[in-house]
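Visitor: Could you take me on a close look at the charged pairs here, and at the open spaces around them? I would like to know where the partners sit and what lines those spaces.

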Amino acid sequence: MAGAVRRLCPRGPRWGHPLNRLLPYPLLSLGLFATWLLLNPPLTPATGLLAVTVGWLVPFVMRALRPEAVRVRAPGVILGLAGHVLVDVVQSNIDVAKVILGLRRGTRRTGFVSIPLDLRSPYGLAVLSIILTATPGTLWIQYESNTGRLLLHVLDLVDGDAWVRRVKDRYERPLMEVFS
Amino acid sequence: MTKADLPAWGAWLVVALALTGAGFSLTGAAGLIRLRTFYERVHAPTLGATLGMALIVAASVVFFSVTEGRLVLRDLLIGLFLTVTTPVTLILLGRAATYRDRAEGNADAPPDP
């Protein structure tokens, strides 16, 4: 199987190491394996064997797309970031619900914030877009890859600079450590 | 599903989670009417796609785990795939609105980043 695929698309990623030849995308394999097991409970030898087969063989299809290699580091930072995001998502859900139900006192200003990003990894930017979109109250409008500037729409804009600091310190810095 | 399969505490927990989640989703839907501009309105349905969805998925996980007598985490995949795909729709909507507003020269068009 591996040999046949290699003849079809000879310029795959990182073919030097024998382990890479056997497992081109280990993270994808792990994800597919876990997904298969979650979809087909309970765990029996048969479903386990199928999960291993799917996790091993399906990533070879990905080789045709030749995605950029992803290197994920600093598992501790990932956990910390996930914790921050979880808290922020719940908090901003409650905040936006208050705005909609008219429970927020005082005048509310809505507007755009321009944030200069140093993060350049496409995977890091993709995760950042998921974080900012999953947080109600912030909307990803435009990212300019030439200048690295991100335009964000904020529903409850009190202080623009505070948002710049929040995105840079809370999300961008950990993401740069993870996808360095 | 009969009464014997789901004990009272399980039923209460499932109802509490599902109703709270549905409440957040409903609030998000109401936001589509209550908020005024397009850019404000796009924020509203995110309530249903994040916390509303998470609570309803949690209710489903509790329900199937209690009735089947083992941990059923299958539904977490719904949460995973919804979270990963929602930004695509929202960013496309935002980009389309930005393009339209700039092309028409509207006063509330987003500034250049």
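Guide: Happy to! Let's start in chain B, where B:D101 and B:R100 form a salt bridge with their closest N and O atoms 3.7 Å apart; the term stands for a side-chain nitrogen of Lys or Arg within 4 Å of a carboxyl oxygen of Asp or Glu. This is a predicted model, in which local features need pLDDT of at least 70 and side-chain atom pairs count only at pLDDT 80 or more, while totals for chains, interfaces and linings use all residues. Residues are numbered from 1 along each chain as its sequence is written, chains are lettered from A and ligands numbered from 1 in the order in which they are written, and side-chain values use heavy atoms, without hydrogens and water.

The two partners of that first pair sit in contrasting surroundings. B:D101 is buried at 4% relative accessibility, whereas B:R100 is partly exposed at 40%. Here buried means under 20% relative accessible area, exposed over 50%, and partly exposed in between, with a 1.4 Å probe and protein chains only.

Over all chains, the structure holds nine salt bridges.

Now over to chain A, where A:R166 pairs with A:D88 in a salt bridge whose closest N and O atoms are 3.8 Å apart. A:R166 belongs to helix α8 (residues 160-178) and A:D88 to helix α6 (residues 75-101), so this pair ties together parts of chain A that are 78 residues apart in sequence. Helices are DSSP runs (H or I, at least four residues), numbered from the N terminus.

A:R166 leads us on to an open space. Together with A:S92, A:D95, A:D156 and A:W163, A:R166 lies nearest the centre of the second largest pocket, which is lined by 15 residues. A pocket is an open set of points on a 1 Å grid over the protein atoms alone, where a 1.4 Å probe fits, with protein on both sides within 12 Å along at least five of seven lines; lining residues have an atom within 4 Å of a point. About 230 Å³ of space lies in this one, a volume being the space filled by probe spheres set on the points. Both α6 and α8 of chain A supply at least two lining residues each, and α6(A) gives the largest share, six residues. By type, the lining divides into seven nonpolar, three polar and five charged residues; Asp, Glu, Lys and Arg count as charged, Ala, Val, Leu, Ile, Met, Phe, Trp, Tyr, Cys and Pro as nonpolar, and the others, Gly among them, as polar.

Finally, the largest pocket has a volume of about 2,000 Å³. Of its 47 lining residues, the closest to the centre are A:V127, A:I130, B:L80, B:T83 and B:V84. At least two lining residues come from each of α3 (26-39), α6, α7 (122-134) and α8 of chain A, and from each of α3 and α4 (76-104) of chain B. This lining comprises 38 nonpolar, six polar and three charged residues.
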